[in-house]
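I set down here, in order, what I looked up. The entries run from the overall fold to single residues.

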Amino acid sequence: TDMDKCIQRYAKGETVPIPQPFHFELPDQPTLTTVIYPAGIPEEEVEPQRKEIHEELGLDDKPYLRRSMSYNFPNDELLNKYLRNIHQYIFLADAEDLKIYLVHGSYTYHHYAQDEINDVGWGCAYRALQTITSWYKYQGYITIPIPTHEEIQKRLVAVGDKTPEFVGSSEWIGSVELQAVLKTMNVTSTILNIADGSSFGQHSRMLAEHFEAQGTPIMAGSASLAHILLGIAWNEKTGIAKFLVLDTHYTGEDDWPTAIEKGIDWKGEDFWMPKEAYNLCMPQRPEGV
């Protein structure tokens with residue numbers, strides 16, 4: 001059995017690992033896929049096993065089978081403090097002429113006024129960073145807790161981006177600061193500058209390629225707002241594009257119906273403000289499955 005194979009593979013002398021089943025939702029698979037991993041063995045040590053299963057199932061080189069990516073059953077979902085993968089309940093009308101490119105994997109939704117912190121008016125980029133960090137955590141790339149506003153500020157001071165009095169302030173941050181904080185977590189990112197919101201759609205190909213290759217959430221920051229891009233629907237021939245935007249400025253409760261109604265939606269190109277410059281922080285996915 002798979003349990004026996006797991007024990008044989010990971011036993012070391014007298015030490016016999018405890019096999020643990022994990023269930024995964026995989027693309028084009030009608031049922032959950034179960035993988036047996038040994039308890040207590042680090043993620044990097046079971047990567048050869050993951051690679052074998054990837055090959056066997058014809059999966060691409062994105063992670064699908066890390067423990068942190070295992071399926072959340074509905075009862076588990078209710079125990080979560082933050083809403084996970086809220087975009088899966090949003091449907092795009094009139095999508096037949098558009099190809100949809102989406103975030104790959106799991107993340108949690110972070111927005112204004114969560115965690116008993118009143119950051120309305122200044123904390124939107126911090127919330128975007130928390131959402132992006134949650135993606136790396138859920139994919140098993142990092143193990144640190146999702147940083148608080150103060151921890152984010154301390155990291156910026158530590159790398160020389162800000163002076164010590166920045167810690168504990170209500171100062172706004174943008175995409176360049178996000179890039180600096182991600183770097184402290186060994187996550188690289190690129191910055192895409194869009195000089196005018198009215199030309200946002202002209203970058204559709206690059207955004208589609210990002211979601212196809214990297215699959216990470218993007219922060220789109222302007223002079224006063226920060227939104228999270230979770231996907232793009234694009235017609236390569238006509239150039240028409242729609243953008244799946246997660247709103248960090250949402251101040252409501254973390255209940256599914258309200259957050260789905262008010263916190264996320266597909267937006268047209270007119271959503272991006274003309275004459276407003278945008279910096280997009282586009283985090284890169286590390287190598288490995």
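**Entry 1: basis and fold.** How many helices and strands are there in the protein? I find 8 helices and 9 strands, where helices (H or I, at least four residues) and strands (E, at least two) are DSSP runs numbered from the N terminus. The model is predicted, so I note that local features need pLDDT of at least 70 and side-chain atom pairs count only at pLDDT 80 or more, while totals for chains, interfaces and linings use all residues. Residues are numbered from 1 along each chain as its sequence is written, and side-chain values use heavy atoms, with hydrogens and water left out.

**Entry 2: overall dimensions.** The C-alpha trace spans about 65 × 50 × 35 Å along its principal axes.

Entry 3: I record 49% of the 289 residues as buried, meaning under 20% relative accessible area with a 1.4 Å probe, protein chains only. Contact means heavy atoms within 4.5 Å. Of the contacts between residues at least 6 apart in sequence, 65% join residues at least 24 apart.

**Entry 4: Tyr-101.** Which element holds Tyr-101? Tyr-101 lies in strand β3, residues 99-102. I list Tyr-101 as buried, because its relative accessible area is 12%. Beyond its neighbours within four places in sequence, Tyr-101 is in contact with Ala-208, Phe-211, Glu-212, Leu-230, Gly-231, Ile-232 and Trp-234. Tyr-101 and Leu-230 are 129 residues apart in sequence, yet their C-alpha atoms are 8.7 Å apart in space.

**Entry 5: Ser-204.** I place Ser-204 in helix α7, residues 204-213. Is Ser-204 buried or exposed? Ser-204 counts as buried, because its relative accessibility is 1%. Apart from residues up to four places away in sequence, Ser-204 touches Ile-232, Trp-234, Ala-241 and Phe-243.

**Entry 6: cysteines.** A disulfide is a covalent bond between the sulfur atoms of two cysteines. I searched the whole structure and found 0 disulfides, the criterion being a pair of cysteine sulfur atoms within 2.5 Å. Cys-124 counts as buried at 0% relative accessibility, and Cys-6 counts as buried at 4%.

Notes
Buried means under 20% relative accessible area, exposed over 50%, partly exposed in between (1.4 Å probe, protein chains only).
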